[in-house]
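Reader: I'd like to learn how to read a model like this one. Can you walk me through it?

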Amino acid sequence: MKYEEDPFYDKEYQKTIDLLMGELDFVTDLFRKEKLENFNEATFVSYANSEVLGTVIKLMNYFLVIKEGDLHKLSKYIPKLEELKTYLEGSKDGVLMIYGINIDELSSPERKKYEVELAQIDPELTIKMDKRKLIELCKIILELCSNIVKLKPLLDNKRKLITHKTSIKRTEKINNTIQNFSNKLSIRRENINCFFTKVENNLKKTGGKLQVTEYLSAYYEHYKMVKTSLEAEKNIYIISLKDENNPEMMSYSYNLCAFIHNQLNGEWCIDSKNQKFTLIESLINTLFISTKSIQFNLLKVIKETGNTVPMLDKIWIEMKWTMSFVKFKTTIDKYWKEAFKRCMILIKFHQFLCEDNNSSFKELMRSHILPTDTIDRVQRWTTIFQRMSDNCQWHYNYVKGEINDFERSHRPYLFPLATGVFDNLAELCSGPCTENQLKIYTFIYDRYNGFLQRYWRDPNTQFYKAKLHWWSLFFQ
Amino acid sequence: MTEGFHPEIINYQTTNFELNMIFSIIVNSLKQLYYCVAKNDPFEKKCMADYPLRMADFDGLQLAFQRNNTFSNHTLLIICLRLFAYIYG
């Protein structure tokens, strides 16, 4: 950038500003060609920040030392300064693109103050207005440039991470739109679709298959739909799933189920287990509140996969392994506690699937046998209790009417698991579901009798809770 | 399991559960509850038979039920009530 004459000559500012804008255009073009030509980042940064934007800052500082007497000379440059300001703040392909920033991010309280002051001046006071305008415009440009020069231009790899086009940023932006809920129902309905506008546009453009997973996952994360909590009823997105008559909500619920199903259907490698358990917890949460619509849609998704139920198989196998770990680990540490929590989640998941007398899931549990198993899931629940009771000696090794103390072998901390198993069995048989009842009514009475006739010294033990749940199972 | 009253299931249950067992569970649960919660007994004896429950204790039981929140909401009492309702219901 070379000037033929001294740019800081008071009659040539227009030319200087034009030159600067031209130079900024050149810098933007150079940045766009970054991939094509030999591009030295360090040189580029030094040139764009120090030379070009540095010159703008220097010029603005020069304007700011204005004296009353010079005002008439400078007031003619106001339109040009406005042009420069608009240029800097301007289009998406302008200077801001190089740094990957949005003009909203650069707004500061100072700047807002200038704008407010400018708006408050009486338009009839021309000289005062001109002076104020000149100063404010220069200050805004100066602030803008000094904010920009602190940053480094964004190169391609980094831009991908922080650009506004990422799903999270997009979701956040749309979330802000939706936060301002309208009183009109039609507008609210339109807003719900905001999340999928980009996807819909892609679909129109390409006519290809929708890639919604990343948008949905960002969305569910954002709305904390993946955490079980008592507050869940207050979550408008979960509670709205309850509305079975609303086709829009049903399709939303179907999307949710399909997403979770596909995620759980994948490989359960160690790295992704936390994520899978969060998803199951989320499913339990939504099942707990909007039971019927989620059950209906989940079943629909499961049936679409054909005659097998790979997702349920994977969850069952995981439950079996976690249960073994919990049962046989001898020390109770944080790993045991984590596994115990997971085990309870998986047991609850099975229970909630059949909640509210859902005969379809009960039939699914009855009819599908695991690939490596010989009996169905309904009978398997009885054998789970059988093994637990055998391993922990809950039903034998005592005299009738005797009051016992817990010993190490009894593992009293496993009683909540037994309660969960009875709850599951009760859910499978209630309704009444005679087919399921007939499957299990002849099993393990010796264990049940022994279990029921046992008494422990501690009246508050979880054993009695398990006993109560057993009675609920048999005499419901 | 009794829901629906499938004759086969009812038959099987009545032959495999002794009615006495249900009575003894009601009484023993009530005993343990009464001694541990209402009387604050350390409950250190070996057998349930060592803890008698007589008609003289009825007032104590009633009082505990009315005044002691832990007693009236205890799992052992709920077991007693559930089984009682099953037999007489």
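Author: Let's begin with helices. The expected span of a helix is 1.5 Å times one less than its number of residues. Helices (H or I, at least four residues) and strands (E, at least two) are DSSP runs, numbered from the N terminus. As for ground rules, this is a predicted model, where local features need pLDDT of at least 70, side-chain atom pairs count only at pLDDT 80 or more, and totals for chains, interfaces and linings use all residues. Residues are numbered from 1 along each chain as its sequence is written, chains are lettered from A and ligands numbered from 1 in the order written, and side-chain values use heavy atoms, leaving out hydrogens and water.

Reader: What span should helix H22 of chain A have, and how far apart are its end C-alpha atoms?

Author: Helix H22 (residues 415-429) of chain A has 15 residues, so it should span 21 Å, and its end C-alpha atoms are 21 Å apart, which agrees. Just after H22(A), A:Gly431 takes a positive phi of about 135 degrees.

Reader: Is H22(A) mostly covered or exposed?

Author: Buried means under 20% relative accessible area, exposed over 50%, and partly exposed in between (1.4 Å probe, protein chains only). In H22(A), 15 of its 15 residues are buried. Across chain A, buried residues make up 49% of the 476 residues.

Reader: Now salt bridges. How many are there over all chains?

Author: The general idea is that side chains of opposite charge can pair when their charged atoms come close. The rule here asks for a side-chain nitrogen of Lys or Arg within 4 Å of a carboxyl oxygen of Asp or Glu. That gives eleven salt bridges over all chains, with zero between chain B and chain A.

Reader: Which residue pairs with A:Glu83?

Author: A:Lys80 does, with the closest N and O atoms 3.1 Å apart. Both sit in helix H4 (residues 78-89) of chain A, three residues apart, about one turn of the helix. A:Lys80 is buried at 12% relative accessible area, while A:Glu83 is partly exposed at 39%. A:Asp18 joins these two in a network of salt bridges.

Reader: And which parts of the chain does the pair A:Asp390 and A:Arg447 link?

Author: Their closest N and O atoms are 2.8 Å apart. The pair links distant parts of the chain, with A:Asp390 in helix H21 (residues 377-392) and A:Arg447 in helix H24 (residues 445-452) of chain A, 57 residues apart. A:Asp390 counts as partly exposed at 24% relative accessibility, and A:Arg447 as buried at 15%.
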